[in-house]
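I am opening this notebook to keep track of what I look up, entry by entry. The chains and their contact come before the ligand.

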Amino acid sequence: MTWSQMQPLLEQACWETLIMVGWSTLISVALGLPIGVLLVLTDKGGLLQNSLVNKVTGQIVNVGRSMPFIILMVALMSFTRWITGTTIGSEAAIVPLAIGGIPFFARLVETAVREVDHGLVEAVQAMGGNTWTIVRRVLVPEALPSLIASITTTIVALIGYSAMAGTVGGGGLGDLAVRYGYQRFETGLMWITVAVLAVVISLIQFAGDYAARSLHHRGGRQGSGPRLRLLKAKEPATTTATADLGKAG
Amino acid sequence: MITTSGLTKVYRSRGREVTALDGVDLHVREGEVYGVIGQSGAGKSSLIRCVNLLERPTSGTVTVAGQDLTALAGRGPRAGRELRQARSRIGMVFQHFNLLSSRTVQDNVELPLEILGRSGKERSRKALELLDLVGLADKAKAYPAQLSGGQKQRVGIARALAGDPKVLLSDEATSALDPETTRSILALLRDLNRQLGLTVLLITHEMDVVKSICDSAALMEHGRVVESGTVTELLATPGSELASALFPVAGDASGDNRTVLDITFQGESATQPVISQLARTYNIDISILGAAIDTVGGLQVGRMRIELPGRYEDNVVPIGFLREQGLHIETVEQTQPAPQAHQTPQAHQAPQVDRASSVLVKEEAK
Ligand SMILES: Nc1ncnc2c1ncn2[C@@H]1O[C@H](COP(=O)(O)OP(=O)(O)OP(=O)(O)O)[C@@H](O)[C@H]1O
Ligand SMILES: [Mg+2]
């Protein structure tokens, strides 16, 4: 296979992966964030303490989080068809990816928000702030560096899931590697695909770390620029991202 | 300005009950600095958190500026709208500052104003004005992590003042600071109290804090207020633990047949050479066993323990003379005619001194 033959295939696959991962990330973040915050708020001693809501939501998230993605995908077939009208293609793959991504991200959000110093919540309560004010002005902004690290982790995990979704008709880079590399012994194309994936994941990880760190600046001492910080020991917020990388990718 | 009556707080966790407050009656007058002191676990934080209902009292009432806050219900742990409004009129500063690291100093100070729904222009004007007041005008754009502890607490104070409160609550605001910074923060609180007529209720475990800025003080033990009053009242109260902790004077009688007196003097009388006058007038030898002089709220106050020869009965006239000079006299020894009672004085005196110093030791150990 020549490069000119591979190029359109690669371009097409990259585009499909981008569609799948992009949309599912957006949906996961949009829905996982409120769910994660809700888990913290309704927990014992939380601002909206409600053990029923907490237990039910927590259980759903747990199941969603620990369900093997391939099974989730198959189980969601009819739901996917109901939403998109088909079970084949990148658009259809977005549905199970998002459903898998929501609880994944929600748990990370929960952990990040729980880390916020309760004293800050109390300070805003003492000013007369209501629960919404606390969420919007304290919990989310204060957890932002960790939340960005969590988004990075989620994107990387979704790239992994998308490779699986690809093999059952979603397309994308994973599908390309399997179809050509595994089934047609086009080892060259397979390795290029692997390289592209590795580069994409590294770039995302790097960008995410960079964003999280530059926000962390506000929490750090003045002076030293972002580049310097990257050389320093990893801060807690970003270690979660790297720790989960191995598992997800 | 702040009145609590019959305030109790019982924490229930996993079947265990902890009574943190046990019928606290506190009265803080408008415009005064009121200090609550006590050992760790005495319930000081619980008390101050009950004042703005961050913690809902189990029973009893809290009235701030004439408004009964306990009547402003909220469902469960949530505060209703009226209570939130009432809270916005009470400033609070914290031991660990509790500044948002995601916001600049100025934005931190603006936060209460955002909650009050003020316009952007008004917010920044007010915030800059307050930062100027606490001496941090040049740090408006810095992030809290770039400030020292003392500077952070100044921001905390500026933020607490943003809603123009009449009352400021402070829970160990200086406990995380070094002595030098503590002094400057206390001076700032004192200034604010004077300039703005701010009523300050502060919690501390340091006697020095009470000594340097409080008009009134209360001592808490096991969820109860065991002593309270203005500092001058307390100093004049026989056997007051707070007074002895504020001015610990020690010293034992040099032998039998002596009268030991604790003299508390305030204001004018402190400067009068009363003791030498006493010695001259009655021609007696007076030994000074211990003394402490300090300034409380701009007033010179001191304590002295002196020893006069002879029993109490022999010294009725000199003691009368001292009282006439406007001094507060406490007899440390109670000399009684029965011979075996000679032990009693020591036994009586020792626990009191011990208690006084043990309070101090415990406070300083923290
Ligand atoms: N949220 C809570 N749940 C259970 N018990 C509590 C809670 N808060 C305080 N207590 C208990 O109530 C008692 C009084 O605590 P409080 O914090 O008011 O003491 P304090 O005088 O402020 O002590 P310190 O000087 O250490 O701050 C303690 O025995 C403490 O263990
Ligand atoms: Mg406390």
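Before counting anything across the interface, I wrote down that a salt bridge is a side-chain nitrogen of Lys or Arg within 4 Å of a carboxyl oxygen of Asp or Glu. I also noted that this is a predicted model, in which local features need pLDDT of at least 70 and side-chain atom pairs count only at pLDDT 80 or more, while totals for chains, interfaces and linings use all residues, and that side-chain values use heavy atoms, with hydrogens and water left out. Residues are numbered from 1 along each chain as its sequence is written, and chains are lettered from A and ligands numbered from 1 in the order in which they are written.

Entry on the interface. I looked up the contact (heavy atoms within 4.5 Å) and found that 26 residues from chain A and 26 residues from chain B take part. The buried area, meaning the accessible area (1.4 Å probe) that two parts lose on being put together, summed over both, is about 2,300 Å² between chain A and chain B, with carbon and sulfur atoms giving 56% of it.

How many salt bridges does the rule find across the interface of chain A and chain B? I noted two, and in a salt bridge between Arg137(A) and Glu114(B) the side chains meet at 2.5 Å, N to O. On the chain A side of the contact, helix H6 (118–126) and helix H7 (131–170) each supply at least two residues, helices being DSSP runs of H or I with at least four residues and strands runs of E with at least two, numbered from the N terminus. The largest share of that side, seven residues, comes from H6(A).

Entry on ligand 1. I counted as near any residue with a heavy atom within 4 Å, and 13 residues surround ligand 1, the closest being Ser40(B), Gly41(B), Lys44(B), Ser45(B) and Ser46(B). For Ser40(B), a side-chain N or O atom is 2.5 Å from an oxygen atom of ligand 1, and for Ser45(B) a polar side-chain atom lies 2.7 Å from an oxygen atom of the ligand. I then checked how much of ligand 1 is covered: taken alone it exposes 630 Å², of which the protein buries 61%, with areas from the Shrake-Rupley method and a 1.4 Å probe.

In chain B, strand S2 (16–28) and helix H1 (44–51) each supply at least two residues of the shell around ligand 1, and H1(B) gives the most, with three residues.

Entry on the whole structure. My search over all chains finds 19 salt bridges. One that I looked up joins the side chains of Arg224(B) and Asp22(B) at 2.8 Å, N to O, and the pair links distant parts of the chain, Arg224(B) lying in strand S10 (residues 224–230) and Asp22(B) in strand S2 of chain B, 202 residues apart.

How values were computed. Polar contact = N/O pair within 3.5 Å; in protein donor to acceptor, adjacent residues only side chain to side chain.
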